[in-house]
Amino acid sequence: MTLLSAVAKYRHLAYVALLLPMFTFAQVHYAENVTVAADRPGAYLPLFYGKSIGVVANQTSVTKEGHLVDYLLANKVAVKKVFAPEHGFRGTASAGELIKDGKDVSTGLPIVSLYGNNKKPTAEQLADVDIVVFDIQDVGARFYTYISTLTYVMEACAENGKTLVVLDRPNPHGYYVDGPVLQSGFESFVGMHHIPVIHGMSIGEYAKMLNGEKWLKNGIQCKLEVVQCENWDHTLTYSLPVKPSPNLPNDDAITLYPSLCFFEGTTVSVGRGTDKPFQQIGAPYFTTSEYSFTPKGNEGAKHPKYEGEVCHGFPLSEFAHYYINGLGEMYMYWLVEAYNMSPDKDKFFTSFFDKLAGNDQLRKDIVAGKSVEDIRKSWVSDLEAFKKVRKKYLLYQDFE
């Protein structure tokens, strides 16, 4: 029996965990010798000279020479300020933590937070800027908020007559499209547009789609330039050189993130406050499991769920490495089985869950006892419609 058939037959978290060491699966191919757009200065530096520049950046905005902001300053580019998304410019803040304006210690540049009450650059903040440069490593999931920041930055540029230059980077989940498409009435900062959980686009392609489909506020469009990366396409995944946020520290966590983030809207912990965030799941009430972890406050989770309490649960890194990586779909069995194993099902889901799902149907289907196969069938028509829109904006070879 293969693990795939075992999962299909049993679908029990503990049983799957026991089977892990017994099977090996083919993995998706990793891109080699990738040149991100930030490492193609000849393609963008000529655009910047003689202009005043604002940079939307964080700790992932690196070149072979160091941080992009430092590189631009060293090359006499007139950088006026840095705009910082969720987790801050240096990427150390917890998810949802208030990011304050300030100054960068290394460069002395003013830092403008784009998280909290000021998610969108104001006219005053853009007044001394001609071009806004966006260079942030995304992970390709709708609820990962960097694409929401991109949306607001594009709107601000359009409204204030500024040019946006996106320095593109590969999407580690760019080799598939999956998940429920966000429905009207469920828009939020963790889901602003009617796209599936996994959109399968680079940040540059996504920017082109926002412009082309007129999804920005009032249908406005911004002046957009996308500098492409090289040696990557949608048949490949990508190993990130810098962790994109404190709780996605490695490839396994990034691989598992789309499947596990739904648990953020439940009573199950994804391991925030441990050394393996998004690589394990657990709760105090999974008492039959011998595996356990105890969340404690740390750099990326100052007050994690179940802080100081023993959570019994399941380690998932091996499953990510040998099965989820390259599967080409989100793995939903854990969510369904965790609900079935919960002793208090009425409290399993929080109000945040529907925002993550982008609808209330996923929650209702799980409560109704539908199988994962039947749940997935409800996505098919919306996914096919989205794929047709997506294809218009691709800059790289597709997986289909």
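**Notes on an aromatic cluster and a helix pair**

1. One aromatic cluster is formed by Phe 143, Tyr 144, Tyr 146, Tyr 257, Phe 262, Phe 278, Tyr 339, Phe 348, Phe 349 and Phe 353. Please keep in mind that this is a predicted model, where local features need pLDDT of at least 70 and side-chain atom pairs count only at pLDDT 80 or more. Residues are numbered from 1 along each chain, and side-chain values use heavy atoms.

2. The structure holds 23 aromatic pairs (ring centres of Phe, Tyr or Trp, the last by its six-membered ring, within 6.5 Å; planes under 30 degrees apart are stacked, over 60 edge-to-face, the rest tilted). Phe 143 and Tyr 257 pair edge-to-face, at 5.6 Å centre to centre with 85 degrees between the planes. Phe 143 sits in the loop between strand S7 (131–135) and H6, and Tyr 257 in helix H8 (residues 251–260), so their pair ties together parts 114 residues apart in sequence.

3. Phe 143 is buried at 3% relative accessibility (buried means under 20% relative accessible area), and Tyr 257 is buried at 6%. Phe 262 and Phe 353 form a tilted pair, 6.0 Å centre to centre and 45 degrees between the planes. Both Phe 262 and Phe 353 are buried.

4. Now to the helices (DSSP runs of H or I, at least four residues). The axes of H6 (residues 146–160) and H7 (residues 203–212) come within 11 Å and cross at roughly 45 degrees. H6 passes H7 in a right-handed crossing (the near helix is turned clockwise from the far one by less than a right angle). Residues in contact (heavy atoms within 4.5 Å) include Leu 150 and Met 154 of H6 and Tyr 206 and Leu 210 of H7.

Technical notes: Axes fitted to C-alpha atoms, helices over the stretch in contact; angles between N-to-C directions. Helix = DSSP H or I, 4+ residues; strand = E, 2+ residues; numbered from the N terminus. Buried < 20%, exposed > 50% of the residue type's maximum accessible area, 1.4 Å probe, protein only.
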